[in-house]
Structure formats: structure tokens, C-alpha cells
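Please read them with the coordinates open.

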Amino acid sequence: MNQHLSNWTERESTAEAMIPLIGRLYRKNNVVTSVYGRSVINQSVIDIIRAHRFVRQVEDSELSVHDTLPILQIMDSMKLGRGHVDIGKLAVKFKETGGDLEDFLHQEIGPIVGQYDAQSAEDAENGTKDVVLYGFGRIGRLLARILIEKAGGGNNLRLRAIVVRQGGADNDLEKRASLLRRDSVHGPFNGTITVDEENSALIANGNFIKVIYSPGPDQVDYTQYGINKAIVIDNTGIWRDEAGLGLHLKSKGVSRVLLTAPGKGDIKNIVHGINNDWITEDDRILSAASCTTNAITPVLKAIQDEYGIEDGHVETVHSYTNDQNLIDNYHKGSRRGRSAPLNMVITETGAAKAVAKALPELKGKLSGNAIRVPTPNVSMAILNLNLGKDVTVEGVNDYLRDMALHSELQKQIDFVNSPEVVSTDFVGSRHAGIVDAQATITSGKRLILYVWYDNEAGYSAQVVRVVNQMAGVEYPIFPKRVRG
């Protein structure tokens, strides 16, 4: 028993030694480190150990902090340029290949070795991209948390302002701050928030965020607040076509607009990882589609590429949203007037058809429906598909596990193989969707997949990925993402 405790305290000590290295690489070099896609930046000792423990679920071997600490120590001396480096995957690969660790790292992350330049880093900091959140509801506040978290380095987006309608309360700013500070689903804000009443601002982890009250998207002069060429993220859902969203572009200081809902008309609906290569410099208005479309499209793309999809049905089991009533009351939508916390509510979803906007080869092949259920967050999509060839449970699970770990879709698709997981286990997941391997069903060419997704945090992470690309803030990823 004493040996177990001794081993644990030794791992704690090793993880503690990793924290300053992780922080210095992030803030000085703009190097984002992770362990099998799990970020280790600004994480506690326990979180770092837990991230290493996760690896045993997806690989045949264990991973210890003793394996990754030497990698961080050498990286810290290599004068790295900016990039995303998965130290967990590097450690597992090194255990398989052996040899000299420094030589191995030069081979694996060579393109950024020696690329650090203090002046360039300072110029990059001075050249951060201004972001404005128009609306401050569930998605707006989750986006704010992510943007504030990443403001210290490794990401050159800077949240400069939020725009809201006047709330009417004398303590409006304090109420906005409180909603950002405390969240019934996602827990407390990781840091400190103070209210600057005199300057109408929130100061979150040192970030000065102007709070602007405006009756409309075309009635703000952002330049008077020192905001220029900003990307406005519209979280309201009020304007969804080019004419409405184009109002933002009439305000001084705005360069581009991103909608956090499916766009109408000719607006490009972008699912990052799938069709983000459609984004051009000329695009002024884009949509990040919906949470469900982001959750299912990467998995559907993977299945389409490997097996071919003849047709199918998508059933969404979705947590209730603010659009529904707390108790029975009038609602213009069918069934949505009934109490959300007390009922399962059948409703429509356009997510299945919307997949074709990002993945045209599936146009006309999918039907869809949705059931709203009495949970506040985390949803599930059930993909019932007819394929072009036979499939087995073991075969499709192995394939999707490989896609989650080693493909271009590793930030979109996650994979879990536990018989005990439930919806709350995925609160805070920043993957677009998580395949539940234990629930996979096959019969000949028939495949049924169960895909979990945090319809708030996972979707917000996808939105930030789109904004990064719109702002030209992209980083090389190591080790090279090649399916093995």
C-alpha cells in the first residue's frame, strides 16, 4: 500500500515539474501542448496525470508523466516557433522506435525547431486579431471563456468587446459578469473577473473587454474603442441571411462576420475539418452551421470515405434549449410550448439536410428528426446508415478510433470505449462529436452509430477554429497527422 502512495506522489512531483515548462512554451513560444488531444495548458497536477491515464483507453500501452517530462525539457531548449505539439503521441511513438530522444524530436518537429524569434513574437502579440461577440447568451459566454483562456499565448485572437441590448437593471454589468463567472453546467470561470463600471467593461484574467450597448448591428462605431478590422461573431440568431448579417459590415471597424447558427441563402455553412478549405479572403459573411451538423458531419465524412453511404436517418436526442418554455405556455413552434424540464418533445431538425451544405456528396441521402429531452446540456445523434459494403462492429470501431487519433479529423472526432459513460461525462468536451464504441451496431451493410456531443462547448470550440482560420491564425500540428 505504501508503494502505491509512493508511486502516486512521485507522479505528482513529475507533473508539477511539467507545469512551468508547459506554461513557458505556451506564453513565450506560442507552442500549444496536449496529450492525445487533451490540452495540458493551465491544467492542475491531477488533470495532467488524468490526461496521461486516458491514453490506455485508446492505445495498447500505458503513458506516464515520466515519459513526457523529458520531451518537454528538450523542447524548452530548442527555441521553437509556434505550433501544436502532442507530447503524448510523441512519447508513445518514441517508446516504439527508441534511439536518442533529442534526435527523435528534431526529426518529428523539425520545421519549428530554432524558429523562435523574440521580435517576431512581440510583433505577433501586437498584431492580435480583434474579435467582438454580438450577443452574450449560452454560446456567447462559452466563446468568451475559450477566447479568454487562449489569450495568454498560442492563439492570436483577442476578445475586445461584447455587444448587448440594454438590460434595464441598474447593475447590468455586474449581472453580465456574474453569468460569465458562474455557470450551472460548466462550473465556475477559471480565473478572475472584475467589473469596471466607469469604462463599461469586464476585466477577465487581465483582458479588458468593452461592454457596448446597441439597438442594432449597424449602429456601433467600434473604432472609437480602438477596435479595427474586427471579426464579429453573431450569437443572437436573429439575422441569418446576407442582408441581415450584412448590417454588421456597415459599422466602422468590422471586417468579417461569423454566424453561430445555420446560414440561409448563399452563405457558406462551414464545419471545421470538413469544408473549411472553402473559406476565402473574399468571404465577408460565413456561418458555423449548427451544433448537431458539426457533431455528425465529421463522422459521416469518415464513414462515407471508407464504406460509402447509400442513405440513412439521423435521430437527434438533444438537451433542451432556451427557446423552449420552462413551464407550459404559448410557443409559436409545435410542441415547444410544453415544459422542457418535464417532457421529451419531438421537434424538427434541419441538421441532416444541412450536412449536404458541407458535404455535397450526401445531398438527398439523409432524413432527420429530433427529440428534446430534460437535460440542460450534452446531446446525442443516432446515425442509422445503409452502406455500400458490409461492415463489422470491430472493423468500424477500429477505423473510427484510428480516425480520432491519427487523421485530419482528430480535433472533430473523439472516441470512447467504456460501458459506463453517460451524458454528463462529456460536459466540456471540445470535440465536435464523440463516438460511443460500446453502442455500435452492425448487420451486413447496416450501421448504427451513437455520437455524443456537448452542444455548447464542443460547438463553441468549432466556432473558434473557424475564427482562427478567418483571422489567418493557424499553427502546424505535430506529430504529422497520418493514419497508421
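1. Contact here means heavy atoms within 4.5 Å. By that criterion, and leaving aside neighbours within four places in sequence, Asp 283 is in contact with Arg 256, Lys 268 and Trp 278.

2. A word on the source. This is a predicted model, in which local features need pLDDT of at least 70, side-chain atom pairs count only at pLDDT 80 or more, and totals for chains, interfaces and linings use all residues. Residues are numbered from 1 along each chain as its sequence is written, and side-chain values use heavy atoms, with hydrogens and water left out.

3. Back to Asp 283. It sits in the loop between strand 11 (268-269) and strand 12 (285-287); strands are DSSP runs of E, at least two residues, and helices are runs of H or I, at least four, both numbered from the N terminus. Asp 283 is buried, at 12% relative accessible area. Buried means under 20%, exposed over 50%, and partly exposed in between, with a 1.4 Å probe and protein chains only.

4. What does the side chain of Asp 283 make a polar contact with? The partner is the side chain of Lys 268, at 3.0 Å. The Asp 283 side chain also reaches the backbone nitrogen of Thr 280, at 2.8 Å. A polar contact is a pair of N or O atoms within 3.5 Å; within protein, one must be able to donate a hydrogen and the other to accept it, and residues adjacent in sequence count only if both atoms are side-chain atoms.

5. Phe 426 is another loop residue, between strand 17 (413-416) and strand 18 (433-436). Its relative accessibility is 6%, so Phe 426 counts as buried. Beyond four places in sequence, Phe 426 touches Val 378, Val 416, Val 421, Ile 434, Trp 452 and Asp 454.

6. Now the cores. A nonpolar core is a set of buried Ala, Val, Leu, Ile, Met, Phe, Trp, Tyr and Cys residues joined through side-chain atoms within 4.5 Å. The largest has 77 residues, and Leu 300, Ile 303, Leu 383 and Leu 400 touch the most other members. Helix 10 (residues 291-307) gives the largest share, 8 residues. Apart from this core lies another, of 42 residues, including Met 18 and Phe 478.

7. Ile 303 deserves a look. Not counting residues up to four places away in sequence, its contacts include Gly 308, Leu 385, Tyr 399, Leu 400 and Leu 449.
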